Amino acid sequence: MKITVGHTPDSDDAFMFYGMFTGKITSDFEIDHVIEDIESLNRRAKNPDLDVTAVSVHACAYIPGYTILRSGGSFGMGYGPILTAKKSMSIQDVKKCRIAIPGKMTSAFLLLQLMIGKFEYVEMDFGEIPGAVREGRVDAGLVIHETQLSYGQEGNTKILDVGEWWHQSTGGLPVPLGINVMRTDLGAETIQKFDKYLQESIEYGLAHMDDAITYAMKYSRGKPQDLIEKFVKMYVNRVTVNMGDSGEESIRKLFEMAKKEGLVPDFEISIAAK
C-alpha cells in the first residue's frame, strides 16, 4: 500500500523515521515522504491530502479528518517551549509584550495562552525568532525545537518555562507538543498497522542510537552533534514509543483547558485504539 507521510525537517522527527525511511524496518507500506515545517503541515492537514502527517497537538482542534496515532508523539517530560527576551521581566510585563510565535496552530502558542492569557503576537519561522528577540524587533520570543537549548548562546534570556508550568499545573502530566496523525477514512485496521510500523521504527532508532543520531544530523540546521543528541533524547522518550495513558490524558487535558478558555472550538478528538 502506497501512502504519503509528512514530517518536519527536525532531528527528532528524522530520528523517529530512521528505521522506516532507511529500510531497516520493513512492511508492505510503500512510503512517499514529504518534508515541510510544522506550521505548514498543520495548515495542510486542514485539507487532508497527506495520508500520515506530523502535526502540533493544537492543530487537532481543526483537522477532523485525522486520527491521532499512539506512537511518534513529542512530549516534554517537565520541559517544553520557552519564552525568551533580551532581559528579565515580570509576568505582568510579559503580558504587555509583542511576542514572536512559531505559528498560530503550534502547541507552544496554545500553551503560552493558557499560561498568561491572550497577548499581542507576530508569527514567524521558528528559526528567525532568536534573532528577532536579540535585535529588538519583538519584545519576546517563544522558542521551540533545538532553540530551547541554544537561546543562551544566541544572546537571549529565559523569561518563562512553559513546559515546567504545564508539568506543575497538571500534577506531572507530559507536555503535549507534537503527534502523528493518519487519515481516519483509511480505516482502523490500516491505522493500527501503520501505528505499529512507526513504533517499530522508533524502537529501532533507540536500539541503534549512534546510527540514528548520525542520520538525524542531516536536519541539524548547523547545530553541534552534542546539542542535537541532547535534544533528540529529550523528545524521543517512552511516551514517544507509545503515548500510553499519561500521553492520552495530557492531550485530553490540554483541550479541556483550552475549550474552557475559549481558545479552541468544541470538537471530539480521535485517538487510535490501544
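A search of the whole structure finds one cavity of 30 Å³ or more. A cavity here is a set of points on a 1 Å grid over the protein atoms alone where a 1.4 Å probe fits but cannot get out. The largest cavity holds about 290 Å³ of space, a volume being the space filled by probe spheres set on the points, with grid points joined across faces, edges and corners. Its lining is made of 24 residues, and the closest to its centre are Ile38, Ser74, His145, Leu177 and Gly178. Lining residues have an atom within 4 Å of a point.

Before going on, please note that this is a predicted model, in which local features need pLDDT of at least 70, side-chain atom pairs count only at pLDDT 80 or more, and totals for chains, interfaces and linings use all residues. Residues are numbered from 1 along each chain as its sequence is written, and side-chain values use heavy atoms, with hydrogens and water left out.

Of the lining, β11 gives the most, four residues. Helices (H or I, at least four residues) and strands (E, at least two) are DSSP runs, numbered from the N terminus. By type, the lining of the largest cavity divides into eleven nonpolar, ten polar and three charged residues. In this count, Ala, Val, Leu, Ile, Met, Phe, Trp, Tyr, Cys and Pro are nonpolar, Asp, Glu, Lys and Arg are charged, and the others, Gly among them, are polar.

Now to the largest pocket, where a pocket is an open set with protein on both sides within 12 Å along at least five of seven lines. About 160 Å³ of space lies in the largest pocket. It is lined by 14 residues, with Cys60, Ile63, Pro64, Phe267 and Glu268 the closest to its centre. Strand β4 (residues 66–68) provides the largest share of this lining, three residues. Ten residues of the pocket lining are nonpolar, three are polar and one is charged.

Eleven of its eleven residues are buried, so α1 is largely enclosed by the rest of the structure. Buried means under 20% relative accessible area, exposed over 50%, and partly exposed in between (1.4 Å probe, protein chains only). Among the buried residues of α1 are Phe15, Phe17 and Phe21. After α1 comes Gly23, with a positive phi near 80°.

In the loop between β1 (2–7) and α1 you will find Pro9, which counts as partly exposed because its relative accessibility is 25%. The C-alpha atoms of Pro9 and Arg221 are 8.9 Å apart, although 212 residues separate them along the chain.

Helix α9 (residues 209–216) has two faces to look at. Ala212, Ile213, Tyr215 and Ala216 are buried. They lie on the same side of α9 because they cover an arc of only 160° around the axis, taken from the directions from the helix axis to the C-beta atoms. On the other side, Asp210 and Thr214 are exposed. The cover over the buried residues includes α1 (11–21), α8 (188–207) and α10 (225–235).

Finally, look at Asp161 in strand β10 (residues 157–161). Is Asp161 buried or exposed? With a relative accessible area of 16%, Asp161 is buried. Its side chain reaches the backbone nitrogen of Glu164 at 2.9 Å.

Note on methods. Contact = heavy atoms within 4.5 Å. Polar contact = N/O pair within 3.5 Å; in protein donor to acceptor, adjacent residues only side chain to side chain.
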